Amino acid sequence: MFTPSPSPSLRSLICLVGIRLPTVSTTGWEGGEGTLIGHKCFCVPGVMEGLLTRFRALATCSHQLSGYVSCRFHHCAPGRGKRLVLSQVFQPQNLREDQVLSLEDRSGDLTCKSQRLMLQVGLIHPASSGCYHLLPYTVRAMEKLVRVIDQEMQGIGGQKVNMPSLSPAELWRATSRWDLMGKELLRLRDRHGKEYCLGPTHEEAITALVASQKTLSYKQLPFLLYQVTRKFRDEPRPRFGLLRGREFYMKDMYTFDSSPEAAWQTYSLVCDAYDRLLDRLGLRCVKVQANVGSIGGTMSHEFQLPVDVGEDRFVFCHSCSFSANLETLDLSQKNCPACQGPLTETKGIEVGHTFYLGTKYSSIFNAQFINVHGKPSLAEMGCYGLGVTRILAAAIEVLSTEDCIRWPGLLAPYQVCLIPPKKGSREEVAVELTGHLYDHITEAVPQLRGEILLDDRTHLTIGNRLKDANKFGYPFVIIAGKRALEDPAHFEVWCQNTGQVVFLTTEGVMELLSQVQVV
């Protein structure tokens with residue numbers, strides 16, 4: 001249990017008195033500096049009360065400053081809530097096909113829809129082979145995905161940790177995986193000649209951590225420890241953008257139970273959480289039996305998202321729930337082993353993988369606990385991975401059209417895009433109405449604060465900006481066009497995920513957006 005640290009001491013408060021802060025005028029941010037309180041910090045009893053009074057004034061002034069800072073970066077009037085505007089978003093766009101092809105070293109590698117679209121609209125930008133800069137929209141979507149993951153993992157008792165990416169070679173040699181992983185393991189030496197790898201997974205590290213705790217009791221188990229971190233794998237031929245890269249984000253959970261029966265219950269618990277998570281994202285995945293590979297253990301399942309560009313091949317039976325990766329079956333097997341019905345073969349993207357490890361790692365690192373009889377016993381383990389950046393790319397792959405990105409509703413970087421009239425047009429007077437609508441939404445629908453983007457590029461026509469908005473995939477695009485001049489004003493609302501276009505009053509817009517779910 002995390003215990004918050006005590007409030008700052010009086011000494012710390014006094015030392016804050018001499019902080020220099022930017023000055024503010026009545027018209028906004030000036031950018032200069034002025035000393036709000038310039039007294040030296042002496043801990044003299046007679047001045048304690050005065051110093052505390054000045055500190056309270058400093059805190060009040062700092063609070064007032066926060067509103068003006070947002071005005072500078074979002075170009076809104078002082079005193080008004082900040083508005084997120086599209087012109088300020090760092091988002092290099094490459095909306096022509098030839099621009100996208102020039103971003104990759106080999107145009108032949110640009111072979112999947114998600115990669116092409118993510119490069120076009122500036123969600124990612126190549127850094128090196130198999131490595132990408134994740135740009136603002138992608139980071140927002142990924143942060144939302146991590147929040148969904150946190151909700152589901154912590155909902156079953158998961159505790160979040162963070163382990164180093166650098167993993168000592170001796171841990172991997174202890175399990176023989178230093179040699180078993182071969183060239184896929186990114187290895188390096190420090191200045192002292194000590195060997196490390198950049199972790200593609202963390203079974204060794206987490207087991208050594210738990211083994212270091214010598215007084216664990218069966219009453220403390222199970223432990224469900226997970227992290228969301230960068231992983232590294234020296235892919236021989238990275239391709240498909242974020243679907244197969246050398247550096248990627250993954251959620252990896254490691255569980256420790258007191259018995260095989262309890263470990264199997266935990267295994268089912270995590271698999272059910274994966275099903276709920278993927279269902280919340282609107283991704284229809286298939287849980288298939290799989291090989292344990294280099295991770296090991298006695299049981300393994302993959303969560304496959306059926307799609308033509310998938311690199312995995314699996315079969316499933318329409319008559320029962322049987323499904324399996326082709327790697328686990330005899331090539332001559334044509335019928336379902338469970339019901340003898342015909343098997344259907346398809347391709348898929350592996351977005352999740354679960355393993356029942358037993359004592360494979362706990363026996364090597366001596367990860368023990370004291371059982372109910374007062375004797376030491378080895379922990380029964382499982383490990384569970386989710387490809388975070390892969391889920392983002394896979395979702396775009398299956399949900400998008402050939403020309404426009406579509407997001408799972410919960411993961412859209414912004415839920416709403418507002419498009420005011422073009423500057424100089426007959427409808428230009430509705431620009432102010434668009435600003436009022438922005439403010440009204442943030443006040444009436446508080447869950448959408450920070451989820452609305454104003455396309456302030458009024459030098460462009462509404463049509464051009466609508467085309468861009470359609471390509472970016474905002475779930476709701478609201479346009480102040482000709483009917484915004486009516487009394488009452490009507491706004492054109494595009495519901496991107498359903499294809500519907502409706503005209504709504506301000507009250508109708510509020511009613512529609514109040515139903516939007518966010519994380």
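A quick word on the model. This is a predicted model, where local features need pLDDT of at least 70 and side-chain atom pairs count only at pLDDT 80 or more, while totals for chains, interfaces and linings use all residues. Residues are numbered from 1 along each chain as its sequence is written, and side-chain values use heavy atoms, with hydrogens and water left out.

Back to the backbone. Most residues other than glycine have a negative phi, and most peptide bonds are trans. Asn366, though, has a positive phi near 60 degrees. Its relative accessibility is 37%, so Asn366 counts as partly exposed; buried means under 20% relative accessible area, exposed means over 50%, and partly exposed is in between, using a 1.4 Å probe and protein chains only. Ser176 also has a positive phi, near 70 degrees, and its place is the loop between α6 (169-174) and α7 (177-180).

Now the cis peptide bonds. One joins Leu221 and Pro222, with omega about 10 degrees, and Pro222 lies in the loop between α8 (203-211) and β9 (223-232). Another runs from Asp487 to Pro488, with omega near 5 degrees; Pro488 lies in the loop between β21 (476-479) and β22 (491-495).

Next, helix α4, residues 113-120. Here 8 of its 8 residues are buried, including Lys113, Arg116 and Leu119. After α4 comes Gly122, with a positive phi near 85 degrees.

Finally, the largest pocket, with a volume of about 1,000 Å³. Of the 43 residues that line this pocket, the closest to its centre are Arg233, Arg244, Glu350, His353 and Arg390. For the method: on a 1 Å grid over the protein atoms alone, a pocket is an open set of points where a 1.4 Å probe fits, with protein on both sides within 12 Å along at least five of seven lines, and lining residues have an atom within 4 Å of a point. Points are joined across faces, edges and corners, and the volume is the space filled by probe spheres set on them.

Which strand gives the most to the lining of the largest pocket? That is β15, with 7 residues. The lining divides into 17 nonpolar, 13 polar and 13 charged residues, where Ala, Val, Leu, Ile, Met, Phe, Trp, Tyr, Cys and Pro count as nonpolar, Asp, Glu, Lys and Arg as charged, and the others, Gly among them, as polar.

Technical notes:
Helices (H or I, at least four residues) and strands (E, at least two) are DSSP runs, numbered from the N terminus.
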